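Let us read a protein model together, taking one feature at a time.

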Amino acid sequence: AKKQRFFATGAFCKLFGNNKSSTLYKRLVDEEQIATSVSMITFALSDSSPCFIVIYPNTVDDIKKATQIVFDLLDEVGKKGISFEDVEKVKKQSNMQQMSLVEDSYQLAIEIGAGYMGMGNENFVFDKLAYDTNVLKRDIEDQINTYFKTSLAYVGVVLPLNEEEKRKWIKEQLESDKEDQELLAAKVRTSPLEAPSYSNLVNPKSPDKYKFPKCRKTKLENGLTVLSYRRTKLPKVSVYLRLKADKCYDSEQLPGLYNFVSKLLLEGTENMPRLELVDQIEKRGVSLRISPIGEIVFDCLPTDLEFMLGLITDLINSPKFDSQAIEKIRQKVLVSIKSFEDDTISTAKNLLLSKVYDNHPYGRFELGSEESLNKITQQDIIDFHKKYFSADGAHCAIVGDFTKKQLDKALAN
């Protein structure tokens, strides 16, 4: 019962706030447009484990409204329950995540350990998916009505610093830096480093010969080169698409334009609105990532390969780029820039790259700046996409459980 309860909690997080088709995301980001990001987090497999709903509101004034919407939606889902279709969707998502986990030995070891420490069951990571749909629906609804109640919730808010607080923080940081310098200055090494010992005992040998698998190479009429390799270890297919235009092609006049266009690709096409697009992806349990360096990556079940290749084709060839989506993404990227500036390590790395590479594209910040982002127009986006998002010169690697006949049919369509 305990292990089922925790899986039911994770399943509810996916449905309520962890996906772009989730209840909270659709309401706060798509409909109300008062937030740029929503997620739900559970930290540990224990009875005292908290669940966090994390929201990035557009402005401080949106916090109160966003919080009330969360409470209202929790009450609503508690009364109405969830559909069998949603339960099947979250089961498929969990199955896809499980297959990716099996391929990652390090992460799998962590999950096995966590299951044993929290559940007393080293097989929890494997057993949790053996869940009847009717039972899972009942357990999720039971979790909602027992633990996800407004009377049991706490609200915490992280607000931006005002100018006076910033001055105080900088003063304290300078004082701390001075103390650190004094401590480090007193720790100067005077003794020589220890001579090597164990390395002298190592007797290197010639490496064993490894026979790398040979992939199949296909050139399509549109200029796309497809590299494929069949591997039947798991019922899963991984696809990596790389466009000819990488991050070096970002606009010099409007830095951040490539990232802007990449994020807009998932905001709907001429053939499929955003909500339907996201739902079609997530109900198949597909993990799809589009990065501003010309990469499109996804994992799917073999039965969904043809659909997903067709969907990617539609994303690249027929994005909608409507004005409402553009403003939504503009706001999200502006928030990302501000969050980036709060991360001192990331900011330092960005400054270092800008100095090392000077005027080279590698030295540019992929998010751009607030100034450049506010200058980007719909026509800039359309022109950039038309010029650089093309199958000509692109490469696609496909690895997984498929036959030559299945792949040829998917590529032909």
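Q: Which residues in H4 meet which residues in H7?

A: This is a predicted model, in which local features need pLDDT of at least 70, side-chain atom pairs count only at pLDDT 80 or more, and totals for chains, interfaces and linings use all residues. Residues are numbered from 1 along each chain as its sequence is written, and side-chain values use heavy atoms, with hydrogens and water left out. Contact means heavy atoms within 4.5 Å, and helices (H or I, at least four residues) and strands (E, at least two) are DSSP runs numbered from the N terminus. Here Phe-84, Val-87, Glu-88, Val-90 and Lys-91 of H4 meet Thr-133, Asn-134, Leu-136 and Lys-137 of H7.

Q: At what angle do H4 and H7 pack?

A: Axes are lines fitted to C-alpha atoms, for helices over the stretch in contact, and angles run from 0 to 180 degrees between N-to-C directions. Helix H4 (residues 84–102) and helix H7 (residues 133–147) pack at about 105°, their axes 10 Å apart, and they are therefore roughly perpendicular (65 to 115 degrees) to each other.

Q: What is the order of the strands in the open sheet?

A: Strands of a sheet pair through backbone hydrogen bonds, either parallel or antiparallel. Two strands count as paired if DSSP finds at least two bridges between them. In this open sheet of 6 strands the order is S3-S4-S8-S5-S7-S6, with mixed pairing. Strands S3 (216–219) and S6 (287–291) stand at the edges, each with a single partner strand, so one side of each has no neighbour in the sheet.

Q: How many bridges join S5 to S7?

A: Strand S5 (residues 237–242) and strand S7 (residues 295–300) run antiparallel and are joined by 6 bridges, and Arg-242 has Glu-295 in S7 as its bridge partner.

Terms used
Angles under 35 degrees count as roughly parallel, over 145 as roughly antiparallel, 65 to 115 as roughly perpendicular and the rest as oblique.
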